[in-house]
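Here are some notes to read with the model open beside you.

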Amino acid sequence: MAINKILSSFDEAVADIPDGATIMVGGFGTVASCPSMLMIALDRKGVKNLTTISNTTGFGSDVWKILGYKFAEDMDILVRNGRVKKAIASAPVSAVYENNFEKLLRAGKVELEMVTQGTLAERIRAAKAGLGGVYTPVGVGTVVEEGKEIKTINGKKYLLELALKADFALIKAHKADRWGNLVYRGSSRTFNETMAGAAKVTIAEVDEVVELGELGPEEIVTPAVYVDRVVARPKEYEGEEGEISEEAKASHEKFLKRGSA
Amino acid sequence: MEEKFKLERQTIALRAAKEFQDGDSVNLGIGIPVLCANYIPEGREVLFQSENGILGFGEVTAPGEGDNDYLNASGQTVHTQPGTSCFGHAESFTMIRGGHLDISVMGGFQVSEKGDLANYMVPERKIGVIGGAMDLAYGAKRKIIVMNHITKDGQPRILKKCTYPITTLECVNLIITDIAVIEVTDKGLVLKEIAPGWTPEEVQSLTEPTLIVDPDCHDIELM
């Protein structure tokens with residue numbers, strides 16, 4: 001029978017994600033590389049007690065709508081609706097304003113494990129490669145080394161960082177074929193490429209599904225074996241309704257002034 | 001008394017960019033560091049790397065004119081140019097942590113006499129943002145820290161020992177502030193350049209560890 005990993009709805013793609021699941025959420029921070037529709041579908045499903053693995057914990061759709069993004073929802077939708085129990089992230093809060101995750105963290109309603117970004121990528125890659133962990137010199141002599149094995153190799157200290165595996169990886173790519181081969185656009189690979197295959201089930205949200213053969217062998221970045229499900233974004237999508245909050249407008253002003261989030 | 005000048009953000013960036021040699025690969029942090037991209041010395045070709053997975057990109061686009069799939073780490077849209085490459089996070093941090101980048105320019109809260117860097121967390125806030133700071137401070141061959149010499153309350157930021165949480169131990173090579181350029185060496189901190197109107201003694205009075213004044217110490221080079 002012909003392989004076909006293409007599903008017709010985001011709700012169907014996340015239907016078996018249970019309460020208490022550990023999920024990876026692709027992207028970097030900017031919503032361009034975030035699996036936005038999968039976030040909305042997972043929120044709609046109403047899961048609870050998620051453990052999340054991601055670079056940031058989301059900033060909310062309003063800040064992205066101001067910047068003109070239609071697919072504007074990020075992980076914040078899961079945070080603000082109380083679906084996250086614990087986040088493993090490298091940049092969980094904003095330097096510009098207090099995001100919802102920070103509010104919940106200060107209120108003692110969520111847990112946080114902060115990981116340096118390179119170590120986060122490496123721990124995810126270790127899981128994908130079937131390794132137990134990696135020894136890295138990054139973090140030696142800092143708060144990050146607490147409770148970790150330190151090994152001296154050729155006279156230099158390294159920390160043991162364990163592989164980070166998830167039940168589901170929710171990622172965003174540009175194009176996919178029915179085998180699940182993926183290509184990305186520009187700088188939007190980010191954690192998406194790294195997470196593909198690091199979970200028991202990898203679900204890819206894509207801009208477009210193309211015929212098998214359209215993606216050339218030299219072009220494919222994520223080979224089919226790493227991907228289990230593919231869903232295409234709707235072509236005619238105007239974004240979620242709703243007024244942009246004053247808080248988001250204020251943070252946008254700070255963003256413009258500072259030149260970053 | 002001679003008038004004392006303090007370098008503005010743009011001028012600090014201009015001075016930092018003078019460190020870029022022809023062919024260098026450079027990661028620019030958020031804040032003053034990203035401004036360095038505007039001041040590459042003439043005749044030198046520099047490859048900028050951004051940890052979200054892009055190398056050799058061009059200038060930041062005009063607001064609203066960019067392609068959202070081509071971003072720098074600050075979330076700004078950038079132009080591609082012949083030679084630009086894109087890659088995922090594992091590759092990006094292999095590049096950073098594996099010692100493949102020549103220079104990382106970062107902001108700082110504090111730097112110690114030995115070159116320890118503190119730049120990810122203000123203790124009063126209780127939550128920091130590690131992000132890629134530890135990776136960049138560890139991995140790049142040369143680390144240049146740009147920051148104001150003292151805090152808003154007039155306290156030194158260059159200290160015998162950092163009081164803020166450490167990003168990476170013994171990693172800083174050069175400190176460029178609004179009043180001085182200081183090199184971190186095995187012998188200690190060497191004062192190389194000072195802002196116009198300042199004396200080495202005055203810079204020392206705002207710096208906790210003892211500075212070694214370079215015999216060739218002169219006004220900050222901006223041209």
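1. Start with the length of helix α6 of chain A. At 1.5 Å a residue, its 12 residues should span 16 Å, and the end C-alpha atoms of α6(A) are 17 Å apart, which agrees. Keep in mind that this is a predicted model.

2. How many residues of α6(A) are buried? The count is 12 of the 12, so α6(A) is largely enclosed by the rest of the structure. A residue is called buried here if 20 or more other C-beta atoms lie within 10 Å of its own. Among the buried residues of α6(A) are the charged A:Glu122, A:Arg123, A:Arg125 and A:Lys128, and A:Leu120 and A:Ile124 are buried as well.

3. What covers these buried residues of α6(A)? From chain A, the cover includes β2 (22-25), β6 (133-136), β8 (156-162) and α7. From chain B, it includes α3 (89-97) and α4 (133-139). Past the helix, α6(A) is followed by A:Gly130, which has a positive phi, near 80°.

4. The contact between the two chains takes 37 residues from chain A and 35 residues from chain B. On the side of chain A that touches chain B, the elements giving two or more residues are α5 (100-106), α6 (117-128) and α7 (190-195) of chain A. The helix from the points above, α6(A), gives the most to that side, with five residues. By class, the side of chain A that touches chain B has 15 nonpolar, 16 polar and six charged residues.

5. Chain B has an open sheet of three strands, in the order β7-β6-β9, with mixed pairing. Its edge strands are β7 (117-118) and β9 of chain B, each of which pairs on one side only. Strand β6 (residues 110-112) of chain B pairs with β7(B) in the antiparallel sense, over two bridges. In β7(B), B:Ala118 stands opposite B:Gln110.

6. B:Pro165 lies in the loop between β9 (158-159) and β10 (174-176) of chain B. Is B:Pro165 buried or partly exposed? B:Pro165 counts as partly exposed because it has 18 C-beta neighbours inside 10 Å.

7. By C-alpha atoms, B:Pro165 and B:Ala90 are separated by 26 Å, and they are 75 residues apart along the chain.

Terms used. Residues are numbered from 1 along each chain as its sequence is written. Chains are lettered from A and ligands numbered from 1 in the order in which they are written. This is a predicted model: local features need pLDDT of at least 70, side-chain atom pairs count only at pLDDT 80 or more; totals for chains, interfaces and linings use all residues. Two residues are in contact if their C-beta atoms, placed from the backbone, lie within 7 Å. Helices (H or I, at least four residues) and strands (E, at least two) are DSSP runs, numbered from the N terminus. The expected span of a helix is 1.5 Å times one less than its number of residues. Two strands pair if DSSP finds at least two bridges between them.
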